[in-house]
Structures are given as C-alpha cells and as structure tokens.
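Subject: Structure handover

Hello,

The structure is placed just below. Please look it over first, then read the notes under it.

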Amino acid sequence: MESEETLDNLYDIAVIGMAGRFPKAKNIEQFWENLKNGVEGISFFSDEELIASGISEETLKAPNYVKAKGWLDDIEMFDASFFGYSPKEAEIMDPQHRFLLEVAWEVLENAGYDPARYTGAIAVYAGLSTSSYILGLYSDPKLMESADIFQVSVGNDRDHAPTHVSYKFNLKGPSINVQTACSTSLVAVHLACQSLLTRQCDMAIVGGVSIGDLKKSGYWYTEGSIYSPDGHCRAFDEKGAGTLGGSGVGLVLLKRMQEALQDGDSIRAVIKGSAINNDGSLKVGYTAPSVEGQAEVIEEALAVAGVEPETVTYVEAHGTATNLGDPIEVAALTKSFRKSTDKKGFCGLGSVKSNIGHLDVAAGVTGLIKTILSLEKKMLPPSLHFQQPNSKIDFEHSPFYVNSSLKEWKRDIFPRRAGVSSFGIGGTNAHVIVEEAPEIRSSSSQRRLHILPISAKHPDALEQATSNLAAHLKVHKEQNLADVAHTLQVGRQAFRYRKYLLCSSTQEAISILEGAGQVFASSPKTVNPST
C-alpha cells in the first residue's frame, strides 16, 4: 500500500489494532453499533436476579440501593487450554488476567500480526482494577488446600498481568503494570508512545481491564458522592448527579507511524501527541479535580502534537456528570483552547460514560476507542441523557457544545482531529490528540485466485473461525481480497485443525465458507499455511 499524504511529523504514532469487551457489546463492532444508535449499555437488574446473586431482600428495599451497573457478560468464561492453562490454574486466576490475555490476542489478530513470527519487540502497558476475586478463593478451604499459595498470588496480583501476556506470547518489549486510578489506561497510552519514540519497543499492546463483582449487584448511593442516584450518567446536563460503575476491557496496538506505512499496516488513527501531569496539592481535596492541572495537560498535549486548538473539532471528555467535575473540566478545556482562539461552539463534547458507566482503569482507553471509531466512520455518536446544559457551565461563550445526536463529522482543510481526556482520582491527568488516518490506496493483485487459510486448536473452534470469517467478509465486502488472503496467511498463527479455500472473489469466499468444508488435520511443522 502507498500513502497519498506526505508525513511531516516523525513523532506520529499509528493505532493499527483495537479490541475490547464492553457492557452489552462483545466486540468493537457491536460497541460502535450501540454508540451510533444511542443504546445505553447499563443493565437494570430485577429483584429476582439480585436475590439469585445473594443480595438480601432488606438491601433491595433500601431506597438508596440502585439496582444498576455496566454489566459484562460471560465473565466466568475462559479458553484455558488455548493459552496452555489447566482448569485448576484458570480457576485461581483473576478474571481480569484472563480477559487481558484473550483481548491481547484479539488485538494482535485485529492488526494482522502473529507474535510468533514478528521479529520486533512488542511491549505491554496495561492496568487492572482492584479485585476481590482472591478473597473468594481464600474462602474456599478445599480449593486452597490443593492450591499453591504463591501461584494464587501470581494469578491475582495486578503486577503480574502484563507479564503474563508477555510470557504466554513470547513478547520481548517492556511489560509494565500501570496504576493511576481512573486515568490508568490513557496514561498507559502516553507511556507506550514514549517507549515507541525512544525505540524501547517496535509495537505496544496498551489499555486496561476493569471487572468488578462476578455476580450481578447494584450499588449504594450517597448524596454528594460520585455515584448517580438512578443508574444514569447525565454528563454535562443540569440533572447530572454522578456516574456508576461498569466492567470492561479495551486494548489498542500502537506502532511508529512511518514503519506502519512502510509495512502496509491497516492504520486506524494517528496519535499526534500526548501528555500527563498531576494536579499537586493546590485544590480543595485529594479527590477533587483542578482547573489548572487539567488545562496544563491539555495545552501540553496540543503543543506536543503541533496542532492548533481550533483544528480540534471533538473532545471525548472524562465526563462523570458530577457537580464538581463537569464544570471544572469544561473550564479547563475552555482555558486551554482560549490561548489561541476566540471561536465559539465549534468543538463537540461527549462522554462514553453516559453509554456504559465508568470503567475505572479502562475508562481512558475506552474513550480513545470510541473516538477512533468515530474518526473511521466520520460520524459523531450521541452523548446520552443530555437535555439541558449544566447551569454551572458557560457553554454559550465556550468553544464547546455537547453532541447529543448522531451527526456527520465534517472536516475542512484540516484532517478530523480530537482530544481524549482522562483524569484520575489523586490528580494524575492524561490527554491525547488523535487524528484520522491518512487515505491509503489499497494494494492491487494480478492473481485470479486467492488462498484463504483458517486454523484452530479444536474442530469446534475451526467451525466458529469459519463462521467468523464469513460474517466479517459480509460486513466488509469493500476489503481487498488479496489483503485478506495475505493477513490470513502471515498474520495468523497456524494451528492443528485447518481449512483452505480457493476463491476468486469475496462473494465466492462467503458462499464457500457458509457451505460444507473439509478439515485437514496435521502438524504446523509439516504444513505451511502461506503456501
């Protein structure tokens, strides 16, 4: 593939892969459909569901017990054998570790890379939420009698999650657990960008995982806390009274832009610049946000990116809908933008927390993924529950408006650009400037026929992989079949159970995939899927 644009910034970072699991969305594609259609991913549980989870009837009757959460399905599911774990090893492993492994594999496949074949150094920068899973293990005497205590610690401590990925995938780049509370995963993005620019690694798996209770439950509302009284997050709205918790995982795969172009990667967006800082002590309290701190980190990110605020037409905000947080965030954004422009109402504002709740350490990367999807689709999805602006926010004289409906993301002479913010309790702030990918001319091929190989570790998994490929081709008929064949041949690890199909068009491939196919069982050592 060839770029149609000349790069003038050697410090650009390409996003070449994305993967995730979110409330009411099992993958990135479903996540976008929910965002686009204004679907709220919050689950409101019935009393029967909560009683089955062990919640007492007395609790359910309490007026300040809110029966809602950003619930993640299939938390208990894990393909242990795929990653070489025994059922016992998987049982004593925190589900957050399991999800990080699974989604790390998915993000590499999304980018078309087999870590066993890639010769460069791949880093892992990720963070996990505090988990109570280990307490449940210790409450089971029979399990603990047969368990290795040190192995229980390794399988549950957050420090070991990124290195588990590096160990299982044989990755040689830095492998670092990042912890800065709510801003963790966006801070991880910044640190990974720095690692790439200083050539400590050649690619980086980056993001966060947050899984709370394994059983359905609500939460206790206290007036003045960060939590919503009714299970809805009304960011920047007059009725905004807080957010609520949610579970999810989001990862991106990053690479230096010039090398991504040279290697023909599918570039999903470009990180132009990023910055992190801390508020310090000049604020009303440890948990409070700071106008000065947030404004400074936004100004620094813009300066690093080398872009003017007026060219940024969307900001994915931290947006927790709290009485203190939302006005401070807009004030900080306005202060940073006003350094160079007096223009009003040109920049959209939104918060993914209005869709799925607050994903804690995974919140920042989730906002980044939402923004990249919006850049790809050239659409701004609605920020939910916005009806009347918060009276403490001066939107009328600011550069911002809350984007409350699906709309085309128009551009002028500049590429579409956005800012993504994430602010952690304790004052560690992060801001990233992201830009739409340059237009790429797809490769051409003179071949009349193409070989599409599919492989898996089990016959049932092979059938599922076959169905997945057919579904993908149906949705992405515009993709060049030669590129699809190349990715399947060199960007996928070869497993024992295999199918090969020979086709001349995408439609023919779909027809064959949906029909009966022959399974070839052999050793990866004796069969080369690229031949």
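At what angle do helix α5 and helix α9 pack, and how far apart are their axes? Before the answer, two points on how to read the model. It is a predicted model, where local features need pLDDT of at least 70 and side-chain atom pairs count only at pLDDT 80 or more, while totals for chains, interfaces and linings use all residues. Residues are numbered from 1 along each chain as its sequence is written, and side-chain values use heavy atoms, with hydrogens and water left out.

Helices (H or I, at least four residues) and strands (E, at least two) are DSSP runs, numbered from the N terminus.

Helix pairs

Two packed helices are described by the angle between their axes and the distance between the axes. Axes are lines fitted to C-alpha atoms, for helices over the stretch in contact, and angles run from 0 to 180 degrees between N-to-C directions. Angles under 35 degrees count as roughly parallel, over 145 as roughly antiparallel, 65 to 115 as roughly perpendicular and the rest as oblique.

Helix α5 (residues 95–111) packs against helix α9 (residues 161–169) at an angle of about 50°, and the axes are 9 Å apart. The angle makes α5 and α9 oblique to each other. Their crossing is right-handed; a crossing is left-handed if the near helix is turned anticlockwise from the far one by less than a right angle, and right-handed if clockwise. From α5, the contact (heavy atoms within 4.5 Å) uses H97, L100, L101, A104, W105 and L108, and from α9 it uses A161, P162, H164, V165, K168 and F169. By class, the contact of α5 with α9 has nine nonpolar residues, two polar and one charged. For these classes, Ala, Val, Leu, Ile, Met, Phe, Trp, Tyr, Cys and Pro count as nonpolar, Asp, Glu, Lys and Arg as charged, and the others, Gly among them, as polar.

The second pair is helix α16 (residues 459–475) and helix α18 (residues 506–513). Their axes cross at roughly 150° and come within 9 Å, so α16 and α18 are roughly antiparallel to each other. The crossing of α16 and α18 is left-handed. T466, L469, A470, L473 and K474 of α16 make the contact with T506, A509, I510 and L513 of α18. Six of the residues in this contact are nonpolar, two are polar and one is charged.

How are α10 and α15 placed relative to each other? Their axes are 4 Å apart, at an angle of about 70°, and the two helices are therefore roughly perpendicular. S185, L186 and V189 in α10 meet A363, G364, V365 and L368 in α15. This contact has five nonpolar, two polar and no charged residues.

Helix α15 on its own

Helix α15 covers residues 363–377, and its 15 residues should span 21 Å at 1.5 Å a residue. The expected span is 1.5 Å times one less than the number of residues. The end C-alpha atoms of α15 are 21 Å apart, which agrees. Of the 15 residues of α15, 13 are buried, so the helix is largely enclosed by the rest of the structure. Buried means under 20% relative accessible area, exposed over 50%, and partly exposed in between (1.4 Å probe, protein chains only). After α15 comes K378, with a positive phi near 60°.

Single residues

A181 is not a glycine, yet its phi is positive, about 60°. A181 sits in the loop between β7 (175–177) and α10 (184–197), and its 28% relative accessibility makes it partly exposed. R199, also a residue other than glycine, has a positive phi near 60°. R199 is in the loop between α10 and β8 (203–210) and counts as exposed, at 57% relative accessibility.

Is G17 buried or exposed? G17, in strand β2 (residues 13–21), is buried, with a relative accessible area of 0%. Leaving aside neighbours within four places in sequence, G17 is in contact with V107, N110, A111, L251, V252, L253 and R268.

N34 belongs to helix α1 (residues 28–36) and counts as buried at 14% relative accessibility. Not counting residues up to four places away in sequence, N34 touches P23, K24, A25 and V39.

Regards
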